[in-house]
Amino acid sequence: PVPTAPVPPAPGNLSGVRHILLVLSGKGGVGKSTLCAQLALALRHEGKKVGVLDVDLCGPSVPRMLGAQGSAVHQCDSGWVPVYMDQEQSVALMSVGFLLEKPDEALVWRGPKKNALIQQFVSDVAWGELDFLVVDTPPGTSDEHLSVVEALRSHQPLGALLVTTPQAVAVGDVRRELTFCRKTGLRVVGVVENMSGFACPHCSECTNVFSTGGGEELARHAGVPFLGSVPLDPQLARSLEEGGDFMRDFPGSPAYPALAAIARKI
Ligand code: ADP
């Protein structure tokens with residue numbers, strides 16, 4: 001059984017945050033960080049103020065995906081000032097990537113030190129007023145997940161979005177995430193299937209590279225909402241490599257309507 005830790009007091013620096021969404025996946029490489037970054041952009045395009053907290057301590061990829069790699073975090077009286085993606089300060093980012101001296105450096109830390117950093121991320125970042133805080137987590141269910149859930153437990157509404165690819169093995173891994181959510185009392189906002197078919201940019205025909213429908217079936221079996229499928233999209237892949245604003249730059253590409261629709265359902 002998952003140990004139940006004492007509930008910490010409501011974190012002051014999160015008092016201006018309306019919704020917190022943890023993004024979870026059973027394993028790496030299914031597009032969890034991609035979903036975090038793109039949902040933040042999609043919510044911003046809906047006029048929302050958004051923060052992204054990257055607690056994927058050993059593989060922080062959100063700074064690069066949002067073009068903020070190399071930025072530095074500063075201190076102010078009320079804590080760490082997040083990095084802002086734009087002048088309007090509509091997307092705020094915090095990641096261990098901003099604390100490393102070199103972007104490719106690895107964080108080689110044992111659990112307790114990682115847990116302490118997660119606690120600090122939760123209590124010491126001056127997020128200000130946000131409609132959504134999207135949290136990128138490491139793959140699987142680890143110590144870091146328990147730390148983040150425990151640190152955020154008193155914040156409501158708090159929910160989890162589960163990302164899977166369509167193949168049965170990835171779907172199986174998400175079942176373990178569902179068990180984690182149940183045991184820790186985390187509300188499941190829904191399941192997203194990523195890399196769900198490839199829409200050819202030349203003829204628009206969709207090829208199901210992997211099997212299809214696994215995410216939807218899983219959601220139905222588990223009795224949780226299915227939020228939608230995001231296709232493999234070369235323009236999205238390029239935008240992620242370049243750290244661009246996909247939701248601004250590629251409104252006609254196949255992944256765009258899927259991401260926009262998911263953001264509206266959250
Ligand atoms: P995770 O966070 O689950 O480890 P990432 O978000 O880092 O996975 O995605 C893994 C790789 O797949 C990245 O290089 C990303 O650019 C690419 N990718 C993810 N989703 C898509 C998609 N829908 N279309 C194209 N490329 C994608």
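Leaving aside neighbours within four places in sequence, which residues is Ser33 in contact with? Ser33 touches Asp56, Ser61, Val62, Met65 and Asp136 in this sense. Contact means that two C-beta atoms, placed from the backbone, lie within 7 Å.

The model is predicted: local features need pLDDT of at least 70, side-chain atom pairs count only at pLDDT 80 or more, and totals for chains, interfaces and linings use all residues. Residues are numbered from 1 along each chain as its sequence is written.

**View 1. Ser33 in helix H1.** Ser33 lies in helix H1. Helices (H or I, at least four residues) and strands (E, at least two) are DSSP runs, numbered from the N terminus. Ser33 is buried because 27 other C-beta atoms lie within 10 Å. A residue is buried at 20 or more such atoms, exposed at 12 or fewer, and partly exposed in between, with C-beta atoms placed from the backbone.

**View 2. Gly31 in a loop.** Gly31 sits between strand S1 (17-25) and helix H1 (32-45). With 24 C-beta neighbours inside 10 Å, Gly31 is buried. Beyond four places in sequence, Gly31 is in contact with Val163, Asn194 and Met195. A UniProt "binding site" from an unreviewed entry includes Gly31 and Ser33. UniProt positions follow the numbering used here, feature names are shortened, and annotations may be inferred rather than shown by experiment.

View 3. Cys200 is in the loop between strand S9 (187-199) and strand S10 (206-207). Cys203 is in the loop between S9 and S10. Cys200 is exposed, with 11 C-beta neighbours inside 10 Å. Cys203 is exposed, with 7 other C-beta atoms within 10 Å. Leaving aside neighbours within four places in sequence, Cys200 is in contact with Glu205 and Thr207.
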